[in-house]
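The questions below go through them for one model.

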Amino acid sequence: MAMKVLCLVLAFAAAAHAVSLEDDQEWIGFKTAFGKSYSSRQEELLRRNVFRKNQELIQETNQKKLGFTVAMNQFADLTKDDFARSGLAQPEATNYKRTGGAFLFPENEDPANLPTEVDWRKHGYVTAAKDQKLRKCGSCWAFAATGALEGQHFRKTGKLVSLSEQNLVDCASAEGDAGCRGGLPSYAFTYIAINGGIMSEADYPYKAVKGNCSYNRNRAVAHDIGWVRLPAMNETTLKQAVATIGPVAVAIDANDPLFWSYKSGIFNSTSCGSGRQYLTHGVLVVGYGTQDGKDYWLVKNSVGTSYGQDGYIKMTRNADNQCGIATLPSYPVV
């Protein structure tokens with residue numbers, strides 16, 4: 001089955017709330033805090049109703065004491081359907097053969113010898129949290145790709161450079177990515193290998209809309225020669241790669257509204273799948289560890305610092321590949 005790797009488009013649902021929009025101070029405060037605006041009064045009424053339902057869900061979830069907390073944030077006016085639509089990508093496509101084929105990960109590190117905790121942020125491998133503006137552009141795949149390459153570039157050169165997601169959004173269509181309509185990090189790595197690099201964020205800033213390709217090879221600041229796809233649905237191998245290589249790009253099932261409301265603790269969902277069919281969002285695994293006896297993956301999202309813990313979420317590890325986190329991991333070879 002073809003797998004959808006998304007990041008977002010707008011959908012409408014529900015009915016109006018009894019209190020008028022002009023008198024609802026919580027709603028006004030939410031709009032002000034996150035700069036929300038709507039195309040019509042009808043849309044705003046629908047979104048306000050979603051806001052109220054999400055508010056109830058968050059209160060009920062926190063009362064259950066599930067080991068993580070959720071909170072109202074910039075996504076409080078969105079429905080589950082909002083997180084389930086975007087461009088299609090075919091992970092079985094063979095574009096990568098143009099770079100000589102995907103490399104194989106050397107499984108020669110005894111898992112017993114790996115560190116019990118890893119956080120590549122502490123070692124200079126990870127740039128500051130970024131914001132893809134996912135209501136405007138489904139470019140999560142590009143942010144996962146740049147994050148992985150930023151780490152490998154630092155590993156090789158000792159220089160941390162913020163790389164251009166817009167370069168990928170505008171230019172990587174021939175390799176299989178679809179700009180703001182979705183894609184895969186591996187396609188992005190292929191583009192970078194074929195075209196001789198990627199430009200910096202400073203030289204090619206993010207606009208959250210697909211435009212004409214303005215890539216200048218003479219301004220490229222990072223490169224790769226191909227990429228590694230890890231064995232599917234193997235959390236042990238993913239741990240090996242994260243521990244010994246650096247941050248790894250992954251795709252997850254992020255359709256659970258609680259994922260987008262995450263605030264703290266270790267996210268543990270019974271609503272997300274563990275296979276290939278429902279992978280919808282590209283993120284970056286930058287580490288792992290154990291907290292209060294529970295194993296977790298440390299994950300960098302691409303929706304700004306107001307999400308989760310300064311832009312990060314801890315997701316359950318060693319729980320039958322929860323949310324499909326180890327289904328399609330990849331990283332570039334530099």
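Q: At what angle do the axes of helix α3 and helix α5 cross, and within what distance do they come?
A: In this predicted model, the axes of α3 (residues 140-157) and α5 (residues 185-195) cross at roughly 60° and come within 8 Å.

Q: Why is α3 called oblique to α5?
A: Angles of 65 to 115 degrees count as roughly perpendicular and those under 35 as roughly parallel. The angle here is roughly 60°, and that makes α3 oblique to α5.

Q: What is the hand of the crossing of α3 and α5?
A: The crossing is right-handed.

Q: Which residues make the contact between α3 and α5?
A: From α3 they are W141, A144, A145, A148 and L149, and from α5 they are P185, A188, F189 and I192.

Q: How many nonpolar, polar and charged residues does the contact of α3 with α5 have?
A: Ala, Leu, Ile, Phe, Trp and Pro are among the types that count as nonpolar. The contact has nine nonpolar residues, no polar and no charged ones.

Q: What makes α1 roughly perpendicular to α2?
A: Helix α1 (residues 25-34) packs against α2 at an angle of about 100°, with the axes 11 Å apart. The range for roughly perpendicular is 65 to 115 degrees, so α1 is roughly perpendicular to α2.

Q: Which residues make the contact of α1 with α2, and how many of them are charged?
A: E26, W27, F30 and K31 of α1 meet E44, R47, R48, F51, R52 and Q55 of α2. Six are charged, three nonpolar and one polar.

Q: How much space lies in the largest pocket, and which lining residues are closest to its centre?
A: About 430 Å³ of space lies in the largest pocket. Of its 15 lining residues, F34, G35, K36, R135 and K136 are the closest to the centre. By class, the lining has six charged, five nonpolar and four polar residues.

Q: Which helix gives the largest share of the lining of the second largest pocket?
A: Helix α2 (residues 41-63) does, with three residues. The second largest pocket holds about 180 Å³ of space. Its lining includes L57, E60, T61, D256 and S271, and by class has five polar, four nonpolar and three charged residues.

Terms used. Residues numbered from 1 in each chain as written. Predicted model: local features only at pLDDT ≥ 70, side-chain atom pairs only at ≥ 80, totals over all residues. Heavy atoms only, no water. Axes fitted to C-alpha atoms, helices over the stretch in contact; angles between N-to-C directions. Helix = DSSP H or I, 4+ residues; strand = E, 2+ residues; numbered from the N terminus. Parallel < 35°, antiparallel > 145°, perpendicular 65-115°, else oblique. Left-handed = near helix turned anticlockwise from the far one by under 90°. Contact = heavy atoms within 4.5 Å. 1 Å grid on protein atoms, 1.4 Å probe; cavity = no way out; pocket = protein on both sides within 12 Å on 5 of 7 lines; lining within 4 Å. Points joined across faces, edges and corners; volume = space filled by probe spheres on them.
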